[in-house]
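Here's a quick briefing to read alongside the model.

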Amino acid sequence: MMNYIWAGMIIISIICAVFQNNTSQLSSSILSSAGEAVELVISMTGAVCLWSGIMEIAEKSGAAKAAAKLLSPVLSKLFPNLDKNGKAFTAICSNVTANLLGLGNAATPLGIKAMQEIVKEESAVPPHTATKSTAAFMILNTASFQLMPTMIISVLLSAGCSRPNDIIVPIWISSIVGLSAALCAVNIFYPKKRKL
Amino acid sequence: MTTDLIMPVIILLIITTGFAKKVPMFSCFTDGAADGLKTMVSIAPSLIGLITAIGMLKASGALDLICSVFSPLSDLLGIPSENVPLLFLKPISGSGSLAMLDQIIRENGANSLVSKAAAVMTGSTETTFYCIAVYCSAAKIKNTGYTIPCALLGDFASMAAACFIVMNF
């Protein structure tokens with residue numbers, strides 16, 4: 001997919017530049033963009049490393065477990081078909097808290113484990129089909145509720161934004177709006193009683 | 001004022017629990033920071049490729065053309081027309097949307113409302129298609145059912161909400 005998008009962007013810009021007579025701007029941008037990208041990466045790196053260090057301390061001091069305990073009553077409402085003491089539900093809780101703390105490297109393996117455990121527990125009929133639980137779980141991950149959106153803050157910071165912290169609360173609110181919309185849709189498409 | 005307190009308060013909470021639990025904090029910190037460095041190294045090549053491609057789109061005039069095509073739709077939804085490409089890029093590519101965000105900030109300035117709206121849009125969802133692809137292949141799910149439409153609806157809702165919140169408050 002990215003193949004086509006990337007190649008498409010480059011081809012379209014070259015064609016468009018020829019037709020709109022922007023070739024000189026285009027060629028200077030080709031040279032400067034790559035350098036700008038490196039500058040961006042370097043200036044973001046400090047803040048990203050700082051936060052992943054802080055969040056590692058949080059994880060090691062048991063914040064993830066405490067958050068999982070706090071979240072499990074809410075999450076159990078989203079997965080009515082799963083055993084609350086089962087492996088699947090425990091993995092879901094750990095994945096959601098890892099996402100919350102922004103521990104991307106830990107969240108994905110936990111998420112994969114959660115998916116496999118859900119499938120085992122539900123043994124979906126027909127097989128290889130998304131169920132209400134797997135759909136809801138994937139949506140929890142695609143909506144990305146994160147305590148500290150470090151990447152975005154550091155992009156703003158590196159561009160010289162004076163108040164990059166102002167975006168934290170709006171990001172929380174709009175994530176929750178999106179998550180609720182998607183979960184409502186799941187509940188409409190997958191009616192309550194059916195064990196699918 | 002209050003938003004400036006979010007970060008210090010979170011750090012304070014984490015450090016004090018670390019103290020109470022007698023965690024080797026500094027070595028944890030350096031381990032985590034090394035992980036962060038790995039993340040940045042792993043996204044750097046795709047960012048270089050995508051920032052170049054988006055820079056080319058901008059310089060050639062194609063980006064403005066695309067935005068003006070979608071401007072009636074974006075006006076209707078209250079999304080700044082500069083930010084429309086994010087709607088399409090974000091569910092597909094994380095680095096792509098980061099590159100787009102960088103482009104928008106360069107054009108409009110880091111303190112403009114348009115840039116803030118773009119930042120909130122980028123931060124409020126994940127790379128939906130990538131995420132679903134990884135999880136479905138891990139669980140051997142071939143029929144995703146209603147997952148993708150529901151997830152895209154959520155992405156769309158959060159990005160529209162992002163613009164609404166930034167532009168109105």
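Let's start with H8(A), where the buried residues include Ile168(A), Pro170(A), Ile171(A), Ser174(A) and Ser175(A). Further along H8(A), Val177(A), Gly178(A), Leu179(A), Ala181(A), Ala182(A), Ala185(A) and Val186(A) are buried too. Keep in mind that this is a predicted model.

**Helix H8 of chain A**
- H8(A) has 22 residues and covers 32 Å from first C-alpha to last, close to the 32 Å expected at 1.5 Å a residue.
- Among the elements of chain A, H8(A) gets the highest mean pLDDT, at 94, while helix H3 (residues 63–78) of chain A gets the lowest, at 85.
- Chain A as a whole has a mean pLDDT of 88, with 96% of its residues at 70 or more.

**Where the two chains meet**
- On the chain A side 87 residues are in contact with chain B, and on the chain B side 82 residues are in contact with chain A.
- Six helices of chain A each supply at least two residues to that side: H1 (2–19), H2 (23–60), H5 (104–122), H6 (132–142), H7 (150–158) and H8 (168–189).
- H2(A) gives the largest share of the side of chain A that touches chain B, with 24 residues.
- Sorted by class, the side of chain A that touches chain B has 55 nonpolar, 28 polar and four charged residues.

- Ser52(A) sits in helix H2 of chain A.
- Is Ser52(A) buried or exposed? Ser52(A) has 27 other C-beta atoms within 10 Å, so Ser52(A) counts as buried, the cut-off for that being 20 or more.
- Leaving out residues up to four places away in sequence, Ser52(A) touches Gly32(B), Ala33(B), Asp35(B) and Gly36(B).
- Ser52(A) and Gly102(A) are 50 residues apart in sequence, yet their C-alpha atoms are 7.6 Å apart in space.

**Helix H5 of chain A**
- H5(A) has 19 residues and reaches 27 Å between its end C-alpha atoms, close to the 27 Å expected at 1.5 Å a residue.
- Its buried residues are Ala106(A), Ala107(A), Leu110(A), Gly111(A), Ala114(A), Met115(A), Ile118(A) and Val119(A).
- The cover over the buried residues of H5(A) includes helix H4 (87–100) and H6 of chain A, plus helix H7 (128–138) of chain B.

- Chain B has eight helices and zero strands.
- The C-alpha trace of chain B spans about 60 × 50 × 30 Å along its principal axes.
- Of the 169 residues of chain B, 50% count as buried.
- Taking contacts in chain B between residues at least 6 apart in sequence, 66% join residues at least 24 apart.
- The axes of H5(B) (residues 94–108) and H6(B) come within 9 Å and cross at roughly 170°; the two helices are therefore roughly antiparallel to each other.
- From H5(B), Ser97(B), Leu98(B), Leu101(B), Ile104(B), Ile105(B) and Asn108(B) meet Val114(B), Ser115(B), Ala118(B), Ala119(B) and Thr122(B) of H6(B).
- The residues of this H5(B)–H6(B) contact come to seven nonpolar, four polar and no charged.

Technical notes:
Residues numbered from 1 in each chain as written. Chains lettered and ligands numbered in written order. Predicted model: local features only at pLDDT ≥ 70, side-chain atom pairs only at ≥ 80, totals over all residues. Contact = placed C-beta atoms within 7 Å. Helix = DSSP H or I, 4+ residues; strand = E, 2+ residues; numbered from the N terminus. Nonpolar A, V, L, I, M, F, W, Y, C, P; charged D, E, K, R; others polar. Buried ≥ 20, exposed ≤ 12 C-beta atoms within 10 Å, placed from the backbone. pLDDT = per-residue confidence, 0-100. Expected span 1.5 Å × (residues − 1). Axes fitted to C-alpha atoms, helices over the stretch in contact; angles between N-to-C directions. Parallel < 35°, antiparallel > 145°, perpendicular 65-115°, else oblique.
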